Amino acid sequence: MGQTLAEKILASHSSKSTVRPNDFVMAKVDLVLGNDITAPVAINEFLRLEAKKVFNKEKIALVCDHFTPNKDIQAAEQVKYVREFARKHEITHFYDVGLMGIEHCLIPELGLAKPGDLIIGADSHTCTYGALGAFATGVGSTDMASAMALGKAWFRVPLTQRFNYTGKLKLFVSGKDLILYTLGVIGVDGARYQAMEFGGKTIDDLSVEARLTMANMAIEAGAKAGLFAADKKTVAFLKSAGQNVAEIKPDPDASYYKVYDFDVSELEPQVAFPHLPENSKNVGEAKGIKIDQVVIGSCTNGRIEDLREAAFILRGRKVNKNVRLIVIPGTQKIYLQAMAEGLLQTFVEAGAAVSTPTCGPCLGGHMGILASGEVALSTTNRNFVGRMGHPRSEVYLSGPYVAAASAVAGEIIHPKEVL
Amino acid sequence: MTITGRVFLFGHDIDTDAIIPARYLNSFELEHLKKHCMEDADPSFAAKVKPGDIMVAGKNFGCGSSREHAPLAIKAAGISCVIAESFARIFYRNAINIGLPILEVSLEGLVKDGDLISVNLENGTVFVKDKELKAQAFPEELMAIIRAGGLINYVKKELKAGETYAK
C-alpha cells in the first residue's frame with residue numbers, strides 16, 4: 001500500500017522503507033529551530049544534558065523574533081542568553097535584529113526548509129514548512145534541547161487526513177480564507193495528533209506564499225503537520241532561495257483516515273470570531289463590527305504577496321480615524337521588496353505604522369497591545385482570550401484584503417465595498 | 001502511589017495563552033511562571049492553588065503555542081496531575097518530557113471545583129467518590145521516558161552510551 005507525504009518523510013528519516021500510523025520511530029532531523037522565548041529554556045535543558053557540543057552547527061536555526069527589538073530588560077536578557085550560546089557553539093543560522101525576520105517567513109526565504117525534509121521547531125507554527133513538502137512540526141524546548149544534542153527525535157507516525165479543494169477562487173479570497181473555512185468545518189481539535197495533507201486543483205493554482213499561510217494554521221486544528229506536494233511552483237520558489245530540489249508527492253494509493261472534498265468556487269472571504277480560530281464565518285456576517293486596531297503581518301500573513309494585497313486596497317485611501325493600522329513585513333528581504341515596490345509609501349501615506357519584522361503584537365508581546373474592551377482585526381493566527389493584550393479585549397482573524405478594507409472603513413467589511 | 005487533591009475544574013480547549021499569557025514569557029523563572037499560571041482563565045488561581053491539587057479539564061487541553069512554560073507553570077504551581085478528556089499534541093509531549101503527570105480520561109459531569117479526588121499514577125486510575133475510572137494507557141515508548149523522569153534523563157543515558165550522530 002502507498003504512503004502519504006507524512007509517512008514517506010518519517011520513513012526516509014528513520015531508515016525504514018515504510019511506516020504505518022501509530023508506529024514509533026526515532027528519526028534524524030534536518031533542522032532544529034528555536035526562538036528568543038523557547039530557545040533560552042532549551043539552552044538550559046541542553047546544559048543539563050551535559051552534551052559537549054551540538055550535533056551539527058549548520059542544522060540549528062536560532063531566530064530572535066518574538067520580543068525583539070528587545071521589549072524590556074528581561075526580554076533583552078533572554079536574547080543575550082541565546083546570542084551567547086550561538087556564538088559559543090558557532091551556530092551558522094543565528095539571526096539577530098537587523099538580519100532577523102519572523103522565523104516562519106525567514107526559514108523558507110533562506111532555503112532552509114526543503115521538500116522531504118524533517119524539521120522540528122520549538123514554536124508551534126513550525127508546521128508552516130509543510131507548504132514546501134517538508135514534514136515540519138512544533139515541539140517544546142526540552143525536545144529542542146535533546147535534538148540539538150542528538151540530531152534526532154522520537155515521533156509517533158500520525159494518521160493523515162486529506163483535504164481536496166476544487167473551483168476557481170473569487171476575487172479577494174485566498175489561502176487564509178481556505179484555511180479559516182477548513183478550521184470552521186473540522187474545529188480546533190479536528191486534526192489533533194494527525195497530519196493534514198492539502199491538494200486539488202485549487203491548491204495547484206495557489207501561490208507558494210498562500211500555501212505557506214495555510215500550512216501555518218494546521219496547528220490551529222491541532223495537527224502535527226500540514227503538508228502540500230512539492231510541485232513546479234515549489235521548485236521555482238526554492239530556486240530563488242538558492243536550492244535545487246525535486247518535486248515530491250504522496251503515492252496515488254496512499255491511505256487516508258478521512259478525505260474532505262471542498263468546492264470553494266463560491267467561498268466568501270472569511271472572518272474568525274473571538275475566541276477560537278474555528279469560529280469562521282463569511283465576512284458579511286461580521287459586517288459593521290467596529291474595530292480599534294488592525295494588524296497586517298505575522299508568520300501567517302507577513303509575506304510580500306500579503307503586503308501587495310493590503311496595498312492594493314490602501315492605495316489612495318486613508319485609514320479610518322478611529323483605527324490604528326500596524327503593518328509588519330515578515331523579513332528584511334520582504335521589507336526591502338515592499339520598499340522597492342512603493343508599498344511602504346502607500347501604507348505610511350494611508351496613515352499606517354510600519355514596523356521592523358517582529359512577532360510582537362500577534363501574541364500580545366509588544367508593538368500594539370490592546371486595552372480592555374478594545375477590538376482588533378488581525379491577519380495573525382490566534383484569537384484566544386487575551387491573545388493580543390487585555391483579557392477583555394477581542395480579536396477577529398482575516399486575510400490581508402479584509403483587514404486593509406476594514407482599516408479604511410473603521411468596521412469589518414467586504415473589500416469590494418471600499419473600492 | 002496514590003495522590004489525593006482538590007479539583008480545579010476548567011472547560012474545553014484551554015489554550016496555552018490561558019495557562020500562561022505570552023506577556024509573561026520574558027522570563028522562565030519558575031516563581032514568575034507560578035505567579036501568573038492560569039491568570040486569564042481564573043485570576044485567583046495562583047493565590048488559591050496548593051501543592052497536590054489536581055487540574056481537571058475537557059477536550060484539547062493545552063492547545064495553541066509550543067511554550068513549555070505552560071506545563072512548567074502548572075508544575076511550579078504545585079499541581080500534582082492534570083486530568084483531561086484529551087490533550088493538544090505539543091502540550092502532551094511537553095508534559096511527558098518535563099515530568100508533569102497527565103492522565104487522559106473524561107471526568108465530565110463527575111466533579112466540581114473543590115472536590116477531593118484520588119489518582120493512582122502508576123496504573124492510571126482516577127477515584128471519584130465511589131467510581132473508578134481508567135485513563136488511556138501510555139504507549140511503551142512513552143513509558144520509558146516517564147520512568148526515566150523526563151526526556152533529559154532519558155537522553156542522558158543515550159549520550160553516555162555514546163550514541164550520537166556526527167552528520
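Trainee: Which helices of chain A each supply at least two residues of the lining of the second largest cavity?

Mentor: Those are α6 (175-186), α8 (208-216), α11 (304-314) and α14 (400-409) of chain A. Keep in mind that this is a predicted model.

Trainee: What is the volume of that second largest cavity?

Mentor: The volume of the second largest cavity is about 80 Å³. It has 15 lining residues, and the closest to its centre are S174(A), K176(A), E309(A), G399(A) and P400(A).

Trainee: And how do the residues of that lining divide by class?

Mentor: The lining of the second largest cavity has 5 nonpolar, 5 polar and 5 charged residues.

Trainee: How many cavities of 30 Å³ or more does a search of the whole structure find?

Mentor: The search gives 6 cavities of that size. The largest cavity has a volume of about 240 Å³.

Trainee: Which residues lie nearest the centre of the largest cavity?

Mentor: H66(A), D123(A), H125(A), L363(A) and R387(A) do, out of 23 residues that line the largest cavity. By class, the lining of the largest cavity comes to 7 nonpolar, 10 polar and 6 charged residues.

Trainee: Pockets next. What volume does the largest pocket have?

Mentor: The largest pocket comes to about 410 Å³. There are 21 residues lining the largest pocket, and I102(B), L121(B), F138(B), M143(B) and I146(B) lie nearest its centre.

Trainee: Which elements of chain B each supply at least two residues of the lining there?

Mentor: For the largest pocket they are α5 (89-98), β4 (102-104) and α6 (140-148) of chain B. The lining of the largest pocket contains 13 nonpolar, 6 polar and 2 charged residues.

Trainee: Now the two chains. How many residues are in contact between chain B and chain A?

Mentor: On the chain B side 47 residues are in contact, and on the chain A side 56. The buried area between the chains is about 4500 Å², with carbon and sulfur atoms giving 57% of that area.

Trainee: What is the count of salt bridges between them?

Mentor: There are 5 salt bridges between chain B and chain A. One pair between the chains is D189(A) with K59(B), whose closest N and O atoms are 3.7 Å apart.

Trainee: And how many residue pairs in polar contact?

Mentor: Between chain B and chain A, 20 residue pairs are in polar contact, with both residues at pLDDT 80 or more. On the side of chain B that touches chain A, the elements giving two or more residues are α4 (69-76), α5, α6 and α7 (151-160) of chain B. That side of chain B has 19 nonpolar, 12 polar and 16 charged residues.

Trainee: How many salt bridges over all chains?

Mentor: The count over all chains is 31 salt bridges. K8(A) and D251(A) form a salt bridge, with their closest N and O atoms 3.0 Å apart.

Trainee: Why does the pair K8(A) and D251(A) tie together parts that are apart in sequence?

Mentor: K8(A) lies in helix α1 (residues 5-12) of chain A, while D251(A) lies in the loop between α9 (232-239) and β11 (258-263) of chain A, so the pair ties together parts 243 residues apart in sequence.

Trainee: Last one: where is N320(A) found?

Mentor: N320(A) sits in the loop between α11 and β15 (324-327) of chain A. Leaving out residues up to four places away in sequence, N320(A) touches A407(A), V408(A), A409(A) and G410(A). The C-alpha atoms of N320(A) and Y401(A) are separated by 15 Å, and these residues are 81 residues apart along the chain.

Note on methods: Residues numbered from 1 in each chain as written. Chains lettered and ligands numbered in written order. Predicted model: local features only at pLDDT ≥ 70, side-chain atom pairs only at ≥ 80, totals over all residues. Heavy atoms only, no water. 1 Å grid on protein atoms, 1.4 Å probe; cavity = no way out; pocket = protein on both sides within 12 Å on 5 of 7 lines; lining within 4 Å. Points joined across faces, edges and corners; volume = space filled by probe spheres on them. Helix = DSSP H or I, 4+ residues; strand = E, 2+ residues; numbered from the N terminus. Nonpolar A, V, L, I, M, F, W, Y, C, P; charged D, E, K, R; others polar. Contact = heavy atoms within 4.5 Å. Buried area = accessible area lost by both parts, 1.4 Å probe. Salt bridge = Lys/Arg side-chain N within 4 Å of Asp/Glu carboxyl O. Polar contact = N/O pair within 3.5 Å; in protein donor to acceptor, adjacent residues only side chain to side chain.
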